[in-house]
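Reader: Could we go through this model together? I would like to begin with how its elements are defined.

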Amino acid sequence: MSWWLPRQASTFGPAIDGLFIAILIITGIAFVIVEVGLVWFAIKYRGRPGRKAFYTHGVTKAEVIWTAIPAVTVVALGLVSNHYWVEMKGRNSVPPDAMPIGVHVKQFEWSFMHPGPDGQLGTADDIKLRNQLHILLNRPVVVHLEAEDVIHSFFVPEFRVKQDAVPGMHISAWFQATDTGEYEIGCAELCGMGHYKMRARVFVHTPEAFQAWMTQQATPTEATP
Amino acid sequence: MTSVAAHAPAHGVHHGPTSFWRKYIFSTDHKIIGIQFLFVSLFFLLVGGLLAMQIRWQLGFPGKPMPGGGILPESMTAGGVILPEYYITLVTMHGTFMVFFAIMPLLVGVYANFLIPLKVGAHDMAFPRINMASFWLALTAGLIMFAGFFVPEGAARAGWTMYAPLSARPDLSGSNIGQKLWCLSIIFLGLSSILGSLNYITTVINNRAPGMTWFRMPLSVWALFITAILGLLALPVLSGAAIMLLFDQTLGTHFFDPAAGGQALLWQHLFWFFGHPEVYILILPAMGMVSDIIANGSRKPIFGYHSMVFAIVGIAFLGWMVWGHHMFMSGMNPMLGSTFMVSTMLIAVPSAIKVFNWMGTMWRGNIRFHVPMLNAIGFVGMFAIGGLSGVFMAATPVDMFIHDTYFIVAHLHYVLFGGSLFALFGAITYWYPKMFGKVMNERWGKIHFWLTMVFYNLVFFPMHIIGMGGQMRRLYDPTIYTFLKPQQPMNEFISICAFILFAVQIIFALNFLLNLKWGKKAPQNPWEDNGLEWTLPNPAPHGNWERPPNVYRGPYEFASPQVPEDYLPQTRKLPTDREPAAAGTGH
Amino acid sequence: MRRLGLTIALGAALAGLVAARAPRAVQGGSTVTGRIKFTGAKPVNPKIDMSEEPECKKKYTAQPSGEAVVVNANGTLANVFVYVKSGLPAGGSYPAPATPVVIDQDGCRYHPHVLGIQVGQNLEIRNSDPVLHNIKAKPTKNRPFNISQPNAGMKTNRTFAAPEVMVPLECNVHGWMNAFLGVLPHPFFAVSGSDGSYTIKGLPAGTYTIEAWHEKYGTQTATVTVAATGSKTADFTFAPK
Amino acid sequence: MSHAAADNLMLPSRSFERGVDAYDIKLGMWVFLASEVMFFGALIGTYIILRFSVDQPWAQPGVILNVPLTAFNTFLLICSSVSMVKAFAAVADGDQKNLKFWLFMTMLGGAMFVGVQVFEYIKLLGHGFTPSGYREGSQLAEHALADPLKYGAATGGLYGSTFFTMTGFHGFHVTCGVVSMTYLFFTKALPGKYSQQDYRGIEAVGLYWHFVDLVWIILFTIVYLV
């Protein structure tokens, strides 16, 4: 099994994992200081008869230091995080050339509306698939999430992307795949008894493979009225 | 109320013998009410634990018949196999019972009740009868919640956070009466908490013994006082939200129904506006009591008393501004996400202050490793992990990945179990003599602590790893996902450790129960502490003091050079001490 | 009042026992048969995309399609629920048979797609697929339920307390899966099969309104008068609107 | 409040550390009212969020609700607040007769307010205005169909939900106030147990009453007039 994050397959991967590692290092240092400190103090200052503890109500200088350092660190972390946050989820973050995908989600199924050869959603050549999403490699994709009944959440671990789909709201999320292959989409928000069964797959194609897939979809045998 | 006028001077006089019912059941004595809360919430802790065991069975061994599952009705299991809808019920009710009926009443119901009057030197709560009502309302709420298991379709099934619209529509959740009982129970619980809180607040403000100035109050009282303010202001919001949810389910209103213009996110905003202060309700009292225990165990004054107080106030204040960090992925305005991220990051600062100050307290101490101290040190170590893992979620981009995964489950259990519950093991052992006049067994207490510490970490630390692997919360069967299948051995390992962890708690239960009757008689001040409560006999009589004691100093005067012993009780008058102003002729 | 209720309940229980012993509660009587004809252009049922449910997909050789309109080879219509809507003598009691009605989830479809059940009779819901199905019943007069069966071989029983035509059943995991259940207080109902015919047996003499229900084409009624024994025919013709 | 009396019933107990200059019941009532602020804050906040974020028109003021009737009711409640002040002033002066009279008038005002509200509810429900919206087939639903803009046809559900929840809970609070005043009237005021030295119950219930009155003025403004 993997003891680490899943492999990266989107442009968000390096940023999020980098931030994760940065936080892991910072918190790791704090963790070591606290845990080692606790054990060390516990051993070093264990009670011995006839001895009295050092009588002090505190050392202001020390307190200022351990207030200031965490404060500066977390504010810096916040600023760095915000930079990426705006890039990933900001209102204007969706790249203009992103391929639109309509996602209609209900208990307990995903329905992905792909634009047909014309590249537009909402036209007659749209391709609707149950629990299958087909996208292009290295092309930004924007999913327009619409929930029919309850809250669901669109989650692709390898893409490091997650977004709730809330009934009554139109929410978009974008990502850009950087590796071909097949990945799993999960529902990350409790949506009822079939929550665990909301597994879907996303296929990342090279342009040629994507074209082939689209041609295959256009053949009449698969057409649905 | 003229009778009050007549009796007022004699208020402290010990009440005569009363009937069993008045003394133990419909008691207005804050200590008895605290003990009632203790037994009731320990029962619900057991219920929550049993639910957790079933969750772990399903996660460790998905689709296999659960041992003993056959006795559960058809609506829960099929041939012993847990059904998906029952699994959702399990996670919902485990969260609900643990948060609302175990940890919260254990910390607030038990210790705010038991400790505040004893530690500030009051005869009782300001409003003893309201206090009694608060207990009975809480019990009613718990029983209503418990009744959910026995109605058709079973208890609520929408997660303990009850996200609408799943919770609002029985056709979508599959549970009808259970959902309504949940709302009803929460409304009762809210009322109970408000009545409790107003009692605690009034008592702390107005009923402190002479000389017990604000900054001579023990940190436990400070924490419980601030917690009471949080509860007072947060619970009405939850009650209001639960009322609206109940109306959506019964009267056909449309608060959370998007089809008629209602808003699904409104529930989340209301819930977390309550919910984040609630998170601090669940940890601040633990922090306060741990502060008391660590100072006592280190035989040294608490390090930075004032900054500890300000940290409590700071956490409580910031706690109102961070609720949105539960909703980063909910589709709310990303600008709000940035704001909430900064406020969330800032709340790490007072938490860090507290951890370092506890370490500072141990520094150059003369540490006595009694069972409460062990648990308190365990609390600091585990709370630090829980606090640090919180930084990951606070960073919004990282939260995009780990939101609603097992990383969160690990984080919240490090705070709630590693934090609050360890503090409670310590607190129960520490104030057991005061409650029952007996002491708990030291050796078994230590065995329980070490076993719990080991297995607790074996259960919850791996959850970070499977969360990093991407396992979502509340999945009935994670093996359905190819990318989660390799993690299944880890899930199995966690489950086995969880069963052992549960079994280890039997030691604590026996240590607690058997010593009620067969325990060693407690000395007057078993921990050689400075607190006011230890000047009273164990257990203390109804009314506590003949007249409130005079207080001459803060609660943490350990190792004081003024006296040869290493502790100096708050009530002990040294030749240099002046009588407190309030004790004199009055205003 | 309470005693009366008790007596009735006891009586019903006794009758149920007797009925359980007897092979069929209603014997003798007359029979109504008929065919459900279909005219007009045969509609195309949408194909079902089971590609993300391999355990179900492998149970089919060709791509399965929906069952909204099943026109048989002989030009008749299957899955039409035919039942006696009115005309039964008042006060007649028809105890529910002890044998359950079975609905099976197999290959991510309900078998049968349309079925009838008596009030109080057990509906046994089976799962023959090794995948999760949930069964959501959306009645208006009965108590709704929504249960799930994650494993193959699971069985769940449900009963219905009030007559209702029809109770829609659906699976939310597989959006195409639906079925219809007619709940009646008497045993005089049938579903047209692969030859488009139906038979209602054991009717006492009388004049009856018989209704044929189809999930897409609505209902049609016919009036039939039968003697104490013998057989009558009532055909229905459905056409796309 | 007279400090001159220096009676420990009207002040925090002398033998304790002084927190605030208010005796327990008064302090407790203030604390309780803080939680009430949060409760009504949640309900009113919900109303504001739902009403002002919905993109469909809301029913115009006065077309569904009977504003003149409620204006009269508001006046009634304000009057009862005034009479509460009178009752309080009377007991502070030790005037038993006027205490009884004005307390009774306050109770009467509160009871009449609830009565008018019940009457209003019955009228509204009959008209077709329910917690779930405009009842289908009712007179109101027809009006809304004819003039969706004026009647806010698309937002009727939200209107009904918020209106009945907010005013209903306010009515419940008024009822509680009347019940507790009645209790105090018969157990304390009538037997003359209040005095210049101890009128804690009256002051506490007065605080509550003024709070309920204040909430109503807010509700009347934002629900009926806006």
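Author: Helices (H or I, at least four residues) and strands (E, at least two) are DSSP runs, numbered from the N terminus. This is a predicted model, in which local features need pLDDT of at least 70, side-chain atom pairs count only at pLDDT 80 or more, and totals for chains, interfaces and linings use all residues. Residues are numbered from 1 along each chain as its sequence is written, while chains are lettered from A and ligands numbered from 1 in the order in which they are written.

Reader: What is the secondary structure of chain D?

Author: Chain D has 7 helices and 2 strands, in the sequence pattern α-α-α-β-β-α-α-α-α. Its C-alpha trace spans about 70 × 35 × 20 Å along the principal axes.

Reader: Turning to chain B, at what angle do H8 and H9 pack?

Author: Helix H8 (residues 219–250) of chain B packs against helix H9 (residues 264–281) of chain B at about 150°, and their axes are 9 Å apart. Axes here are lines fitted to C-alpha atoms, for helices over the stretch in contact, and angles run from 0 to 180 degrees between N-to-C directions.

Reader: And how is that orientation classed?

Author: H8(B) is therefore roughly antiparallel to H9(B), a term for angles over 145 degrees.

Reader: Which elements of chain A touch chain C?

Author: In total, 14 residues of chain A contact 12 residues of chain C, where contact means C-beta atoms, placed from the backbone, within 7 Å. Strand E3 (127–130) and strand E10 (200–205) of chain A are the elements that give two or more residues to that side of chain A.

Technical notes:
Contact = placed C-beta atoms within 7 Å. Parallel < 35°, antiparallel > 145°, perpendicular 65-115°, else oblique.
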